[in-house]
Amino acid sequence: MDIKRIPFNMNYSFSQKLREVPFNEADIRKGIAYLKKKAISEEDERIAADMYRIIGKYERIVGALESSVRHLQLSIYLYERYHEHEQVFKSSIYLGQTFHWQSNWCKANETFETLLNQLHIKSSPHTYADFLYQQYGKCLLDQQNLSKAHHYFQQSLEIRLKAGNDKFIEEANECIKLCLRKLKNS
């Protein structure tokens with residue numbers, strides 16, 4: 001599901017704490033409702049899984065954290081049925097983020113550590129490794145585990161520098177800057 005096809009403003013920016021902040025929360029809530037209606041009527045479960053992942057992501061952004069967990073778990077369940085391992089991985093990162101936003105450190109850390117272990121099992125680089133490193137770093141940053149957070153931010157940046165995507169490189173640099181400021185002040 002392409003976000004651009006949703007007839008509402010689903011854009012967001014990042015706060016100083018590196019969390020997504022909606023440009024227009026009312027529009028995002030309308031977009032979530034729109035996606036829920038479409039997902040329920042979708043016959044292709046893989047497309048429905050994509051929608052549930054997007055719903056879960058945006059519910060986290062507007063603070064509907066319990067519902068976010070449910071929709072992300074549903075997307076993971078559906079992806080697993082079709083052996084869509086890469087999509088399970090991506091949805092699991094979003095789930096870890098939601099646990100992070102709930103300050104559920106045990107579940108967040110467990111989710112991210114499980115995903116890290118999956119990275120080490122695979123011999124080839126994973127598509128979402130940089131995203132995982134950055135999100136786990138943010139989680140660790142909020143837990144005041146600054147040196148470990150910095151380590152994961154650096155790993156994310158290294159991957160992103162090789163890929164050459166300026167937007168993602170800038171995100172990684174912002175994470176590193178915030179972490180270094182916190183290290184300096186601790």
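Ser103 counts as partly exposed, at 41% relative accessibility. Partly exposed here lies between buried (under 20% relative accessible area) and exposed (over 50%), with a 1.4 Å probe and protein chains only. The model is predicted: local features need pLDDT of at least 70, side-chain atom pairs count only at pLDDT 80 or more, and totals for chains, interfaces and linings use all residues. Residues are numbered from 1 along each chain as its sequence is written, and side-chain values use heavy atoms, with hydrogens and water left out.

Ser103 sits in the loop between helix 4 (85-101) and helix 5. Helices (H or I, at least four residues) and strands (E, at least two) are DSSP runs, numbered from the N terminus. The phi of Ser103 is near 60 degrees, a positive value in a residue other than glycine. Most residues other than glycine have a negative phi. Leu18 also has a positive phi, near 70 degrees. Leu18 belongs to the loop between strand 1 (12-14) and strand 2 (20-22). Leu18 is buried, at 10% relative accessibility.

Next come the salt bridges. Each is a side-chain nitrogen of Lys or Arg within 4 Å of a carboxyl oxygen of Asp or Glu. The structure holds ten of them. One joins Asp142 to Arg19, at 3.1 Å from N to O. Asp142 lies in helix 6 and Arg19 in the loop between strand 1 and strand 2, so this pair ties together parts 123 residues apart in sequence. Asp142 is partly exposed at 25%, and Arg19 is partly exposed at 23%.

Arg60 meets Glu20 in another salt bridge, with the closest N and O atoms 2.8 Å apart. Arg60 is in helix 2 (residues 45-62) and Glu20 in strand 2, so the bridge ties together parts 40 residues apart in sequence. Both Arg60 and Glu20 are buried. Arg60 has a further partner. Its charged end sits over the ring of Trp101, 4.9 Å from the ring centre. That label requires NZ of Lys or CZ of Arg within 6 Å of the ring centre and within 35 degrees of the ring normal.

Glu171 lies in helix 8 (residues 166-185) and Arg160 in helix 7, so the pair ties together parts eleven residues apart in sequence. Glu171 and Arg160 are buried. Together with Asp130, they are linked in a network of salt bridges.

Now the rings. Rings of Phe, Tyr and Trp (its six-membered ring) pair if their centres lie within 6.5 Å; planes under 30 degrees apart count as stacked, over 60 as edge-to-face and the rest as tilted. There are seven aromatic pairs. Phe112 and Tyr136 form a tilted one, 5.2 Å centre to centre with 35 degrees between the planes. This pair links distant parts of the chain: Phe112 in helix 5 and Tyr136 in helix 6 (residues 129-142), 24 residues apart. Phe112 is buried at 0%, and Tyr136 is buried at 2%.

Tyr136 also pairs with Tyr152, again tilted, at 5.2 Å and 45 degrees. Tyr152 lies in helix 7 (residues 146-163) and Tyr136 in helix 6, so the pair ties together parts 16 residues apart in sequence. Tyr152 is buried at 11%. Ring pairs link Phe112, Tyr133, Tyr136 and Tyr152 into a cluster.

Asn109 touches Tyr136 too, along with Cys139, Leu140 and Gln143, not counting residues up to four places away in sequence. Contact means heavy atoms within 4.5 Å. Asn109 is in helix 5 (residues 105-121). Asn109 is buried, with a relative accessible area of 19%.
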